[in-house]
Amino acid sequence: MLLDLSEEHKEHLAFLPKVDSAVVAEFGRIAVEFLRRGSNPKIYEGAARKLSVSSDTVQHGVEGLIYLLTESSKLMISELDFQDSVFILGFPEELNKLLLQLYLDNRKEIRTILSELAPDLPSYHSLEWRLDVQLASRSLRQQIKPSVTIKLHLNQNGDHNTQVLQTDPATLLHLVQQLEQALEEMKTNHCRRVVRNIKNPLGEME
Amino acid sequence: MELSEYVQKGFQMLADPGSFDSNTFTLLLRAAFQSLLDAQADEAVLDHPDLKHIDPVVLKHRHAAAATYILEAGKQRADRSTLSTYLEDCKFDSERIELFWTEYQNNRNSLEILLGSIGRSLPHITDVSWRLEYQIKTNQLDKMYRPAYLVTLNVENTDSRSHPEISFSCNMEQLQDLVGKLKDASKSLERATQL
C-alpha cells in the first residue's frame with residue numbers, strides 16, 4: 001500500500017533535500033519529540049535563523065515529516081511500500097535511506113502514541129488493598145466483620161482517578177474466580193483461531 | 001442500658017400480670033419483634049383479636065417500650081444474665097423473664113443482622129462482569145490486533161441505595177496484575193482467619 005501524499009504535503013517536504021542530512025536528522029528528532037510532547041514554535045524560529053530561511057518553511061518541513069511518519073506508522077506500511085512512496089518525491093538516495101531509517105526506528109513508539117488517541121474508557125492503572133475488621137458501630141457492638149478495602153487507580157485521558165471501594169471475603173473470592181476465567185478465555189481454541197485468522201486475513205495483499 | 005422514662009415506665013407495665021396475662025404478653029413481644037424485623041410490617045401487627053381488649057394508647061406505649069428495649073439489648077449484645085438482671089429490676093416474674101428470653105433467642109440473629117447492616121460504609125463491590133474483545137483498528141491506527149478486556153464492577157452504596165458501576169479497560173498484563181493483587185488479598189485474609 002502506497003502513501004497518498006497531497007501536493008501541499010509534497011511542497012512542504014521539498015525543503016528537505018535543500019539542507020544536509022544532519023539537519024534532516026535533527027528535524028526527524030524534533031518531529032518525534034513534538035509527537036511525544038506537543039509542538040514548540042520557538043524551535044522553528046531558532047532553526048530558521050541558523051538556516052537563513054523563514055520559520056514557516058522550517059515549520060512546514062517538520063510538519064511534513066511528522067505527517068509522513070504518522071501516516072506510515074498508522075498504516076504500518078512495509079519497508080518496500082515506504083521506499084516506493086518516498087521515491088515519488090524525487091529525493092536523493094541518501095535522503096530516502098535516512099527517511100526510511102527514521103520511520104523504522106520510530107514507528108513502534110509513534111503507534112503507541114497514536115493508540116492513546118482512541119476513544120477512551122478509564123483504564124486500569126493499579127490497585128492497593130487493605131484488610132479491615134469492623135469491631136463495632138453505633139448500632140451494634142462487639143462485631144467481627146472482616147472486609148477488604150480496595151483503592152483502584154484508573155487513568156483517563158491523562159487524568160488519574162482513584163476509587164475507594166470495599167468488599168467482603170466471599171465476594172473477593174468470587175471476583176478472583178471470575179477474572180481468572182476471563183484470563184483463561186484468551187487461551188481457548190476459539191480465541192486463538194480468531195486471532196490467527198484476523199492477523200492473516202485471506203486475500204490481503206501487502 | 002439507658003432508656004428514657006417513658007420507655008422504662010411502659011416496659012415496667014408489661015410486668016404486671018393484672019393488666020397483661022402471659023398470652024397477651026407473648027403476643028405483644030412477638031408483635032414488637034415483628035415490627036422491627038419484618039420489612040413489610042405496619043400498624044397491623046397490633047391487630048390481633050386477643051389484643052383488642054386493651055386500650056390502643058396503652059397498647060402502643062407498651063409496644064414501643066418493648067421494641068426500644070429489644071433494640072437496646074440487641075445493640076449491646078446483652079447476654080442472659082444482663083437481660084435477667086434488668087427484667088428483675090423491672091419487677092418481671094421468672095415466667096415472664098423466661099418468655100422474654102425465649103422470644104429474644106428466637107429473633108436474636110435477625111436482630112443482629114439488621115443492626116449490623118445499619119450505618120455508613122464505603123461503596124461495596126457486589127459483582128464483576130467482563131468482556132474480552134480483539135481490537136482491529138481505530139480511525140487513528142490500523143492493524144492494531146490486540147486483545148483487550150472491559151471490566152465492570154457492580155457497586156452498591158448503603159445510604160443512597162444507588163447502584164453505580166465502575167467500568168475500565170485493561171490489557172492482559174494489567175488484568176494479570178489486578179488478579180494477582182486480589183489473590184494476595186484473599187491469601188492474606190485466609191492467613192488472618194487462621195490466627
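**Salt bridges, the A–B interface and a surface patch**

Lys9(B) comes out as partly exposed, at 44% relative accessible area. On the scale used here, buried stands for under 20% relative accessible area, exposed for over 50%, and partly exposed for whatever falls in between, with a 1.4 Å probe and protein chains only. This is a predicted model, in which local features need pLDDT of at least 70 and side-chain atom pairs count only at pLDDT 80 or more, while totals for chains, interfaces and linings use all residues. Residues are numbered from 1 along each chain as its sequence is written, chains are lettered from A and ligands numbered from 1 in the order in which they are written, and side-chain values use heavy atoms, leaving out hydrogens and water.

The partner of Lys9(B) is Glu5(B), and the closest N and O atoms of this salt bridge are 3.6 Å apart. A salt bridge here is a side-chain nitrogen of Lys or Arg within 4 Å of a carboxyl oxygen of Asp or Glu. Glu5(B) counts as exposed because its relative accessibility is 59%. Helices (H or I, at least four residues) and strands (E, at least two) are DSSP runs, numbered from the N terminus.

Further along chain B, Lys75(B) and Glu72(B) pair up at 3.8 Å, N to O. Both belong to helix α3 (residues 56-76), with a spacing of 3 residues, or about one turn of the helix. Glu72(B) has a relative accessible area of 15%, so this residue is buried. Apart from neighbours within four places in sequence, Glu72(B) touches Met1(B) and Leu3(B), contact being heavy atoms within 4.5 Å.

Helix α5 of chain B (residues 94-117) holds Arg108(B) and Glu112(B), 4 residues apart and again about one turn of the helix. Their salt bridge has its closest N and O atoms at 3.2 Å, and both residues are buried. Over all chains, the search turns up 17 salt bridges.

Next comes the interface. Between chain A and chain B the rule picks out 1 salt bridge. Lys183(B) and Glu180(A) meet through their side chains in a salt bridge, 2.4 Å from N to O. In terms of contacts, 56 residues of chain A meet 55 residues of chain B. The two chains bury about 5,300 Å² between them, with 68% of that on carbon and sulfur atoms; buried area is the accessible area (1.4 Å probe) that two parts lose on being put together, summed over both. Tyr124(A), Leu179(A) and Leu183(A) account for 14% of what chain A buries against chain B, more than any other three residues.

The UniProt record, an unreviewed entry, lists residues 123-190 of chain A as "domain: COMM". In the model this span is 28% helix and 49% strand, and its end C-alpha atoms lie 26 Å apart. Strand β1 of chain A (residues 123-134) includes Val133(A), which counts as partly exposed because its relative accessibility is 48%. Together with Leu135(A) and Ile144(A), Val133(A) makes up a nonpolar surface patch with about 340 Å² of accessible area.

Note on methods: Patch = residues over 30% accessible without salt bridge, like charges linked within 9 Å, V, L, I, M, F, W, Y side chains within 5 Å. Areas by Shrake-Rupley, 256 points an atom, 1.4 Å probe, with all protein chains shown as cover. UniProt positions renumbered as here; feature names shortened; annotations may be inferred.
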